Amino acid sequence: MILNGVEIRDSFAEAFPMVGTRLIITADTAKWAMIAAKTMTGFATSVIGCGCEAGVEREVPAEETPDGRPGVAVLIFAMDIKGLKSIVPNRIGQCVLTSPTSACYAGVEGGDSISIGKALKYFGDGWQIAKNVNGKRIWRIPVMEGEFVCDHETGSVSGVGGGNILILATSRGEALQAAEAAAEAMSKVPGNILPFPGGIVRSGSKVGSKYAGMFASTNNAYCPTLRAQGQTALPPEVASVMEIVIDGVSEKAVSDCTRAGIEAVVALGRAKGVVAIDAGNYGGNLGPFHFKLREIMK
Amino acid sequence: MTGLVLTPREEFEARVDLGGMLPGMADLAKHKIGYGGSTVELGELFDVSGSANGRLTIEGGGRLDRVGARLVEGEIVVKGDVGHSLGSRMTGGAIVVDGSAGDFTAAEISGGKVAVAGSVGAHLGAAGDGSRRGMSGGVVVVAGSAGRRACERLRGGVVVVGGDVAEEAATDLIAGSLAVAGKLGANAGRGMKRGTLFLRSADGLASGFHDAGDHDLVMLRVLVRRSPELAAFLGKDVTKARRYAGDLNIAGKGEALIVSR
């Protein structure tokens, strides 16, 4: 399949089940809501090294937030509910509770519950107060700045982690330009996050390594400087590859996000140095979700 | 949507106990109710018309006690006044009274909504005789005033009183919210453990309440978005309140928030 001179390779992204939750972080200003959200979702690019994958889903206008202040929706994913239950309160406690004027609310209902205030209330050292309104409990934890307000708990969803596209371009600058366009388009699709820096990965990995204890190592088949050494997946004109990883709250969300990314890259076309779009997989035997690029673009 | 309609056949000579009479009951006319010291079939005192659809309208009252007691679902509308224990121990559904109600209105309810257009007697939302806990959930809105010991040992839920509340309101309050738009009688909040009083003035608070100053409270913004009743009382743009902590005489963690409009 060729679109605007860009080859859509006959490949698929292989993704895995994850469990995730959404939180709404608010603050007196949009600036501080975003600071808290970005701090809270920092060092959360890959479960392999970070224990979770997290990112900003979208900015939430004040009229949609539980306290009428500017907000940010974040998504956090882990491999299992036990991990999520541990990670979420830790991150809120260190990164949101500490952030000026912030508050934190449940962004999803149903599923296994994840403690927020239920776990963080102990910081109040006995001075914390709960309020129960219409069946929802909310905590007020006194802090030096005033009060930290947060919901008792949030829900969880079965998500999909590890959706991806690979952008193959004729130079590093063109690969980055295409990846930036893709990330911008993909970040507008609700229900997804792109957990890597700016949504882009310059160091895609393969499973395993020649070194014992390494779960993942550089994806040498896509490293342009290794073209002459062993098997390469790159055509001769490709000099750089960027990857975008997607975690979503559903298979459809990831599929929609994938399509948005490919469309953005295709819009740039071969004239902007994009040669092909590929996807990372492990032969289809590890992950139950297969996002076939050509089917998505039909 | 009229549902069943109960119309008194004649003026009652004694008090009528409607406890246990629920909107969805089949063959309501044969339901046994208390009348004075005896038991009679409801049809002997009321004309029953309409069809059962979960809504029950009572035309006129005054001497009707325990209307909607232990209500689980459905709606009861009373056109007139009612006696004591309106909606007591109800767990769901709604009761609307366009007159006034007696003592122990909404006592020990755990869910549902009670709205009284007039005033109520003593012990609104409170613990009944011999009980340790009052109302634990649900919403009560009284447009008029409330008698003494309103919300005594309140455990949860939201109570909004549009008028004055007599002395000793919120005594030994455990948790939950009481909002009073009018004047507060003496000694309010004595023994209050947790919970919140939303007031227009600190006058009447028990001696164990101490001024903690003016504060911009995010919690207020949340409450007005989660509770339409508190939004109507506080105003949807509320952000600040003067906080009194109490009852500090018993090391309580309750509070009175003075919100002016």
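## Chain B: burial and fold

Of the 261 residues in chain B of this predicted model, 56% count as buried, where a residue is called buried when its relative accessible area is under 20%. The secondary structure of chain B consists of three helices and 17 strands, and its C-alpha atoms fill a box of roughly 60 × 35 × 25 Å when the box is taken along the principal axes.

If one considers the contacts in chain B between residues at least 6 apart in sequence, 39% of them join residues at least 24 apart.

## Chain B: surface and charge

Chain B exposes about 10300 Å², and carbon and sulfur atoms supply 47% of that area.

## Chain A: burial and fold

Chain A has 298 residues, of which buried residues make up 52%, and its secondary structure comprises seven helices and 18 strands. The C-alpha atoms of chain A fill a box of roughly 65 × 45 × 30 Å along the principal axes.

For chain A, too, the radius of gyration can be set beside the value for a compact globule: with 298 residues the globule would have a radius near 19 Å, and the 21 Å of chain A agrees with this. Among the contacts in chain A between residues at least 6 apart in sequence, 75% join residues that are at least 24 apart.

## Chain A: surface and charge

The accessible surface of chain A comes to about 13300 Å², and 54% of this surface belongs to carbon and sulfur atoms. In chain A there are 28 positive and 29 negative charges, whose mean positions lie 3 Å apart.

## Where the two chains meet

The size of an interface is often given as the accessible area lost when the parts come together. Here, chain A and chain B bury about 1600 Å² between them, with 55% of that area on carbon and sulfur atoms. On the side of chain A, the residues that lose the most area to chain B are A:Lys131, A:Val133 and A:Arg140, and together they account for 32% of what that side buries.

The contact can also be described by its residues, since it takes 20 residues from chain A and 18 residues from chain B, with heavy atoms within 4.5 Å counting as a contact.

Conventions
Residues numbered from 1 in each chain as written. Chains lettered and ligands numbered in written order. Predicted model: local features only at pLDDT ≥ 70, side-chain atom pairs only at ≥ 80, totals over all residues. Heavy atoms only, no water. Helix = DSSP H or I, 4+ residues; strand = E, 2+ residues; numbered from the N terminus. Rg over C-alpha atoms; globule rule 2.2 N^0.38 Å. Buried < 20%, exposed > 50% of the residue type's maximum accessible area, 1.4 Å probe, protein only. Areas by Shrake-Rupley, 256 points an atom, 1.4 Å probe, with all protein chains shown as cover. Lys, Arg positive; Asp, Glu negative; His and termini not counted. Charge placed at Lys NZ, Arg CZ, Asp CG, Glu CD. Buried area = accessible area lost by both parts, 1.4 Å probe.
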